[in-house]
Amino acid sequence: MTAPQQPEKPSEPVQEQPTIAGLAEGYAAKAGLHRTHDGRIDVLRSAGGVQGIAESILPGLVFLVAFTITHDLTPSLVAALASAAVFTVVRLVQRRPLTQALAGVVGVGISAWLANATGKAEDFYLPGFFTNAAYILAMVVSIFVKWPIAGLLFGFIRNEGLDWRKDPARVKAYRLGTWIIVAVLVLRLVVQVPLYLMGADGLAALATTRLIMGAPLYILGIWIAWLLTRPVPADAGTQPSKPSSSGA
């Protein structure tokens with residue numbers, strides 16, 4: 001006599017493991033980089049989109065215009081801070097993350113405090129030099145320890161994970177890509193620091209180059225680094241062998 005069969009328990013749904021693509025997207029988003037639907041880097045969105053670029057450019061532009069018109073540091077700094085604060089309000093209305101806008105307000109606030117404390121309008125741009133130098137140092141260190149930042153960012157976007165570190169050719173490519181970004185940051189300092197040292201005489205040129213060499217140059221540098229670090233197709237450089245012709 002057979003034992004009565006126990007009713008089968010409903011099978012629990014199997015939780016899907018996160019895919020490499022999903023991890024890549026999440027990591028890239030946290031790093032500020034995004035990709036298109038076909039796996040390429042979305043340079044404009046990575047720069048914060050049109051609104052993000054405006055958030056990075058407008059406070060400095062407002063400061064320059066206000067100071068050129070009034071030649072008065074205090075209202076110029078207040079105008080710059082107000083323009084940065086407006087973007088925070090806009091993001092609140094849009095119900096978008098406030099991180100970038102708040103970071104912009106803090107950055108402009110520090111710049112305004114320093115310029116007001118020293119009484120020098122050109123010091124509004126001084127904190128940016130230290131931030132730039134810190135990025136350069138971090139990227140150079142990443143290159144020499146063989147964890148180039150371009151690889152950490154682009155590798156996840158390309159679904160390479162960290163497998164690229166097993167391939168010396170890919171490590172070399174990502175080191176080159178990181179050097180490209182470093183070159184962009186160094187170029188900023190090479191051009192802008194001498195203008196800063198000119199004092200009030202170099203203020204207009206400093207502010208102008210700060211705008212031009214900000215988001216636009218960053219976008220260009222990221223794009224060039226992306227192109228130079230493209231994986232070589234597996235069949236690249238291999239030509240199909242021609243059938244050997246035997247003499248008659």
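The paragraphs below lead through the helices of this predicted model, then its salt bridges, its surface patch and its cavity.

Because the model is predicted, local features are reported only where pLDDT is at least 70 and side-chain atom pairs count only at pLDDT 80 or more, whereas totals for chains, interfaces and linings use all residues. Residues are numbered from 1 along each chain as its sequence is written, and side-chain values use heavy atoms, with hydrogens and water left out.

The chain contains 10 helices and zero strands, where helices (H or I, at least four residues) and strands (E, at least two) are DSSP runs numbered from the N terminus. Read from the N terminus on, the order of elements is α-α-α-α-α-α-α-α-α-α. Of the 248 residues in the chain, 37% are buried; buried here means under 20% relative accessible area, exposed means over 50%, and partly exposed is in between, with a 1.4 Å probe and protein chains only.

Two of the loops hold residues with positive phi. Histidine 71, in the loop between α3 (49-70) and α4 (73-94), has a phi near 55 degrees, a positive value in a residue other than glycine, and with a relative accessibility of 62% histidine 71 counts as exposed. Lysine 146, which is not a glycine either, has a positive phi of about 65 degrees and lies in the loop between α6 and α7.

Helix α6 (residues 126-144) includes alanine 133, and proline 127 is placed in helix α6 as well. Proline 127 counts as buried at 18% relative accessibility, while alanine 133, with a relative accessible area of 36%, is partly exposed.

The salt bridges come next. A salt bridge is taken as a side-chain nitrogen of Lys or Arg within 4 Å of a carboxyl oxygen of Asp or Glu, and by this rule the count comes to two. One of them joins glutamate 160 to arginine 170, with the closest N and O atoms 3.0 Å apart. Glutamate 160 lies in the loop between α7 (149-157) and α8, and arginine 170 lies in helix α8, so this pair ties together parts that are 10 residues apart in sequence. Both glutamate 160 and arginine 170 are buried. In the salt bridge between aspartate 163 and lysine 166, the closest N and O atoms are 3.6 Å apart; aspartate 163 counts as partly exposed at 48% relative accessibility, and lysine 166 counts as exposed at 70%.

On the surface, Phe144, Leu176, Trp179, Leu220, Ile224 and Leu228 form a nonpolar patch, and together these residues have about 570 Å² of accessible area. The elements that give two or more residues to this patch are α8 (168-197) and α10 (215-228), and α10 gives the most, with three residues. Patches are made of residues with over 30% relative accessible area and no salt bridge, with like charges joined within 9 Å and nonpolar side chains (Val, Leu, Ile, Met, Phe, Trp, Tyr) within 5 Å; the areas come from the Shrake-Rupley method with a 1.4 Å probe, and for residues only the protein chains shown count as cover.

Helix α10 deserves a separate look. Its 14 residues should span 20 Å at 1.5 Å a residue, and the end C-alpha atoms of α10 are 20 Å apart, which agrees; the expected span is 1.5 Å times one less than the number of residues. Isoleucine 224 is found in α10 and counts as partly exposed at 33% relative accessibility, whereas the buried residues of α10 are Ala215, Leu217, Gly221, Ile222, Ala225 and Trp226.

What does a search of the whole structure find in the way of cavities? There is one cavity of 30 Å³ or more, a cavity being a set of points, on a 1 Å grid over the protein atoms alone, where a 1.4 Å probe fits but cannot get out, with lining residues having an atom within 4 Å of a point. The largest cavity has a volume of about 50 Å³, and its lining consists of Ile181, Val184, Leu185, Arg188, Leu217, Tyr218, Gly221 and Ile222. Helices α8 and α10 each supply at least two residues of that lining.

Technical notes: On a 1 Å grid over the protein atoms alone, a cavity is a set of points where a 1.4 Å probe fits but cannot get out, and a pocket is an open set with protein on both sides within 12 Å along at least five of seven lines; lining residues have an atom within 4 Å of a point. Grid points are joined across faces, edges and corners, and a volume is the space filled by probe spheres set on the points.
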